[in-house]
Amino acid sequence: MSVLTRGIRDAAATTPGRYRLWSVVTAVLLLATAVAGWAAATALRSGTDRIRNNAGPVLVATQQLVSSLAEADAAATAAFLSGRPEDPESRRLYEQALARAGAQIEDVSALIGNDPVTHDSLKDLSVAVTRYAGLVEAARATNQASVPGAERYLVDALNLLATTVADDATRLTDATQRRFERDEDRRDTGVLPAVVVAAVALAVLLAAQLWVFRQSRRLVNIPMALATLLLVGGIGWLVAATFRSGTDIERARADGYDSISLTSRIQTTAYRSKADETVALITSDQSRRTRAAETARSVLADRATPAVVDAVRAGREPGLPGLLTDAAGVADSDRERAAVAEMLERWQRYQDTSAQLRTITDAAQVRAVAVGPAAATFNGFNFSVESVLSDNRDQFLEGLASSADRLGYLTLIALLVPLAAAVGALGGLQLRINEYP
Amino acid sequence: MTPQPRSAGRSGPSLSRRRFLALSAAALAAGACRNSNGLPDFSGQLRVLNWSDYIDPDTVSRFEQATGTPVDYVEEYNGNEEAFETLFEPTLGRGRPTGFDVVVPTYWAVARMLERGWVRQIPLERVPNHVNIEPAYLGMPWDRGARFHMPWQVGITGIAYNPALTGGRQIRTVNELFEPSLRGKVGMVSEMRETVGLVMLTQGADPSRATRATAERALERLESAKADGQIKRFTADAFVGALTTGEFAACLAWSGDIIQLQQTRPDIRFVIPAEGAIRWFDSMVIPARSGGAAAAADWMNFAYDPANAARITAAVQYISPVLGVREALAAAGGASARLAENPILFPDDETRRRLYFWAGLDTATEDELQERFSAITG
């Protein structure tokens, strides 16, 4: 028989000894609860912070990167088509957009830490963007020098951006989305064990109070009752904070990130249509023009008539398929619906100028419309998309911040509440022990 | 529509500093009643603070009739620096309301207010005419998509001259303002970003990519031109009077002022310099803690209706940032229709290529440049 077993048996032989045994068991379980609760709260907090400060911003920055590149390319095309002298406003827009894309690549790189898959995707993207910028510069230099073949460089640049860069960006988005989901899944893995340990401690605490009642014939042992209440409150707090912060993340994802993804798809698809249109314009390749029209129909199947715009604004079914009306479907406030309505109207303006372009035969006039109204209306659409993107980003990041805020004092509470409960329980049992000579 | 005596947008009587402080005090008092969001209750009256003579006189009453919202339209916005010093810093800087629901600072000042969190987001759901913002003003790096501001009027700072005083000679470049034949007869505008930007263009630098070094080089040229008497003085809208009296033979000037002046002095010319010109705009924003954001949004929506915007354009004769204004002016007929063909109000693509926005430098650098510029202008 071991010393421990003998010690327990000796202690259990007397009533004060049995009180002491209850004290030891309760204290050990409450200490275990404190450790498990603290570990769970710490993991929950750091997981949430990782999503808030890392995975979330990476997802947003990746989408903004796609948006910046689309804008850079629209501006580069307008600058190219403006011929000599080059349109300084288009050139400035191109440089700003490319500089912003560079900064966003750096942001993503700094945020992703040492995730090799994401780093690889980012590296590929970065190389492709550098190649793209080189092609644009070659097109610009040869165009300004009136050297034949300048168009070839621009077409290569457009193709590179619309295929390789877009694919790299999609891979990067997928990788960061997986990171987000992984962080979200891992965030609360410690909570269930902590709740189980706490539940066991609670059961023992209740059993101890029942035993004390039977021994002392006193209904309530106040310190032990307070300890029980504290523990129940602590468990409730942990469960509620976990649930509510999880709900915030889910809501942020549904209201913010899913909208960001959809808006970004709208932007990328619209950009592909414009790129095809531009290539058709430069090379007279009719198949690219047909493709541009098909892609445009996936953005919106038909005209955005005033009735369609009004329906979107009023939250009614617009009865027109397309990514833009999908965006109207997920809009959950008047403000969002108004923003989607603006996208629709600006998209229609761009489509109207594109249609006008197709009817013009004079090359100089085609270029004038392409550089003037077509570039302006596309920029108008692009900026309206970016406005929606910014609203969604704010909503997403606010949701994540709210999730993190809910965990404000959780680590401290998860540690101190079981310790306070242990002090209460031991105090309550000691009161009974003191009644024995 | 009769053109108004202007000063549009950029300066005004200096007496108003005291009035400004009084307005600020009223604003603080207005902050006393707050609603459940911690914002002051809307008094029921929309309060708009704009530059003087910068609106069609009927716009306010027409808005009141259309919406039923009374408007207190205050024309006391006398300058961005002054507004920061006497209104924004003492109120918004201390977390208090300004007492206004719409204010109209120049674009760089809007960027600065946004940076400090002093501007409310526009309630887009009440502004369907937001879709009428000219795309060129949606891409500002400090507010992409114009979620916080809506441009009011756009101007060009170029050259105005009196051919009778230049010996019949046409002035085509900013560089010509530095020639000895015009010594002591040249004026420049007192807005640092415009004058420095235009001088940068003469030095082959691009104001839309301004750096401290290129701006300082321009300041050196201005300093020396002022010191040797080439530049008579720096003015706000007083260049109109100086051109009229013959004090200036040529000067940097704001497009809207000169178009209005040409109604009575058709001999005065305005040109976009060959090197390029500076484009600027003043923009409507809703100050933080305004309780009347909804009424402010209604006001913005009203101003962005092309027909209403066309009336404002006809009155102030600055470039409108509202799509559809040209068509509305043409449809109005008469003098308004002639404005629709004005190349300064509706610059063609070729001209647009030569218009530059001043690039925002960081606040500290701009403050230092402003200090040095103020030392030159005196």
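Trainee: Before I go on, where do the coordinates and numbering come from?

Mentor: This is a predicted model, in which local features need pLDDT of at least 70 and side-chain atom pairs count only at pLDDT 80 or more, while totals for chains, interfaces and linings use all residues. Residues are numbered from 1 along each chain as its sequence is written, and chains are lettered from A and ligands numbered from 1 in the order in which they are written.

Trainee: Thanks! Back to H5(B) and H6(B): which residues make the contact?

Mentor: From H5(B) come B:Thr195, B:Val196, B:Val199 and B:Met200, and from H6(B) come B:Thr214, B:Ala215, B:Ala218, B:Leu219, B:Arg221 and B:Leu222. Two residues are in contact if their C-beta atoms, placed from the backbone, lie within 7 Å. By class, the contact of H5(B) with H6(B) has seven nonpolar, two polar and one charged. Ala, Val, Leu, Ile, Met, Phe, Trp, Tyr, Cys and Pro count as nonpolar, Asp, Glu, Lys and Arg as charged, and the others, Gly among them, as polar.

Trainee: How many helices and strands are in chain B?

Mentor: Chain B has 14 helices and 12 strands. Of its 378 residues, 53% are buried. Buried here asks for 20 or more other C-beta atoms within 10 Å of the residue's own; exposed is 12 or fewer, partly exposed is in between, and C-beta atoms are placed from the backbone. As for contacts in chain B between residues at least 6 apart in sequence, 79% join residues at least 24 apart.

Trainee: What domains does the assignment give for chain B?

Mentor: Domain 1 (16–149 + 285–304) and domain 2 (155–278 + 355–377), with bounds from an automatic or database domain assignment. Taken over C-alpha atoms, their centres are 30 Å apart. Four residues of domain 1 of chain B are in contact with four residues of domain 2 of chain B. On the domain 1 side, those residues are three nonpolar, no polar and one charged.

Trainee: Switching to chain A, how do H7 and H12 pack?

Mentor: Helix H7 (residues 222–283) and helix H12 (residues 363–405) of chain A meet at about 165°, with axes 7 Å apart. H7(A) and H12(A) are therefore roughly antiparallel to each other.

Trainee: Left-handed or right-handed crossing?

Mentor: Left-handed for H7(A) and H12(A). That label applies if the near helix is turned anticlockwise from the far one by less than a right angle, and right-handed if clockwise.

Trainee: And between the chains, how many residues does each bring to the contact?

Mentor: Chain A brings 26 residues and chain B brings 17 residues. On the chain A side, H12(A) gives the largest share, 12 residues. The residues on that side are eight nonpolar, eight polar and 10 charged.

Trainee: What does A:Glu386 touch, apart from its neighbours within four places in sequence?

Mentor: A:Ser67, B:Arg144 and B:Gly145. A:Glu386 sits in helix H12 of chain A, and it is buried, with 23 other C-beta atoms within 10 Å.

Trainee: Is A:Ser146 buried or exposed?

Mentor: Exposed, with 9 C-beta neighbours inside 10 Å. A:Ser146 has a phi near 55°, again positive in a residue other than glycine, and its place is the loop between helix H4 (116–144) and helix H5 (150–187) of chain A.

Definitions and conventions. Axes are lines fitted to C-alpha atoms, for helices over the stretch in contact, and angles run from 0 to 180 degrees between N-to-C directions. Helices (H or I, at least four residues) and strands (E, at least two) are DSSP runs, numbered from the N terminus. Angles under 35 degrees count as roughly parallel, over 145 as roughly antiparallel, 65 to 115 as roughly perpendicular and the rest as oblique.
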